[in-house]
Amino acid sequence: MLVTLLVPSRSAPGRPGADYWRRLLPVLAALACVTRIPSFVPPLWNPDEGYLAVQARLLADGGELYETVVDRKPPLVPWLYAASFAVFGDDSLTPVRVLATGAQLVTAVLLASLARRRWGDREGRTAGVLYLLTSIGLNPEDAQAALFEVFILPFTACAMWCADRRRWSAAGVALGCAFLAKQTGGAVLMPVLWLLYRSGAHRSGVVRLGVGAVVPVLGAAALTDPAGFLFWTVTGSGAYASFTGSELHVLARALTNTAILGVACAGLIPPVVRVLRTATRTGSVDLWLWLGSSALAVALGFHFFGHYYLQLVPPVALLGTSALRNPPGERWARALLVSGCCGALFLAWGLLAPRPELAHAHRLAAEIARRTAPADRVLVWGIHPETYWLADRHPATRYLTAGLLTNYSGGRDGPQVGERYGVEGAWKIFRDEMASRPPALVVDDSRDKPYAPERMPSLRRILAGGYEEAGRLDGAVLYVRAGDGFGQD
């Protein structure tokens, strides 16, 4: 079916567009569903999913974003999780995964429409299929999770789609929404500005683009807390963006994830490199700018997590499609075949990948649920907030991970981990929260990481002043309030 759909190189002149999309949409929808099958297998793929799930529960219980519920991200995806929980309940992430699959499908359709408008019907089909095959070309915990980057993609593709049609106000709105999904979504501004410049609508286009982008951002700030919105999304992450002392660790991660995505793009890299040697590359300046700005977004903050690389996939798919426009048919077929085989490889990886940290979180959550009552608050000192969600217990503090208090993130092993490197003012708030509503149970899940309690004077004093060890599980240490025998062995 897929080959039959893709082989015709051009539609007949005047062929109705509805017929084109009537044939293509079901194939893209089926491919989106197939490539996202691993997404629905485990309850969680990534700690960020757990973070969003806990945030959504707190928002449903009256929490206020950037006040009693905090993160370094804009509000769109937490709101999306909260809306999903409000409609379908908060015990499963399946509805959110369905939305993520829909986001990938919308992105593929927009890319197909862009490619068809520029190069023809076959190229439209090719772009949509290549995107979906390549979109899972990362570690499954990055590619299959319903994370911020997945929801960036349809907005960035929409911004380019609108800019390509000189709809500057709509392009601005899409740009603003991409930023509200995650700050790096704003990277699409660079190719959009190039298209605006090339169109000749300089002054009026800039005004419409700017107004369109600013309106949703200001609206989100007004719906939350403007000062908190500015702090948590822009000004409050200086130490987080430094990799001093972790250079080798960060470099290894960057090279590893680049290599993994390179495998996924194995069918596209040869034709793109071949095209780079010819003059035809000059017709895709905006796509190269899109790729370059997305690469800067990946590098921003010097963390190079795998899911950051998802922003590279749309421009790569379009550049690959452009490179496959005129080669002999066997090269086009070979590129599709290699991309399909690579997609199958990553699909199998997603279905077979072990989840040792998830198993640990399940065991720890079961122990927390056994030792506490539903109304009790708990502190899990670690970087796996999904434990709160799996245990169905509310956190004792607005800081859902030790990372916000210590600047530890993704295995950062350098000197910039400790109380002095946490978010400004966070430790004072944390101490106040622990004093005003002390948790019934404290779980030290640091497991000898650089943020262990013995290296954090404030936490060490809290534990010494009111808690006693009550047990251990998989390397995690459990503490209960002194004199409280509830749930002790």
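Tutor: Two strands pair if DSSP finds at least two bridges between them, and strands are DSSP runs of E, at least two residues, numbered from the N terminus, with helices as H or I runs of at least four. This is a predicted model, where local features need pLDDT of at least 70, side-chain atom pairs count only at pLDDT 80 or more, and totals for chains, interfaces and linings use all residues. Residues are numbered from 1 along each chain as its sequence is written, and side-chain values use heavy atoms, leaving out hydrogens and water.

Student: What is the strand order of the open sheet?

Tutor: The open sheet has 5 strands with mixed pairing. Its edge strands, each pairing on one side only, are β2 (394-395) and β4 (467-473). The order is β2-β1-β3-β5-β4.

Student: Which residue in β3 is the bridge partner of Val 378?

Tutor: Strand β1 (residues 377-381) runs parallel to β3 (residues 441-444), joined by 4 bridges. Within β3, Val 378 has as its bridge partner Leu 441.

Student: Is Arg 97 buried or exposed?

Tutor: Arg 97 sits in helix α5 (residues 94-119). Buried means under 20% relative accessible area, exposed over 50%, and partly exposed in between, with a 1.4 Å probe and protein chains only. At a relative accessible area of 2%, Arg 97 is buried.

Student: How do α9 and α11 cross, left-handed or right-handed?

Tutor: A crossing is left-handed if the near helix is turned anticlockwise from the far one by less than a right angle, and right-handed if clockwise. The crossing of α9 past α11 is right-handed.
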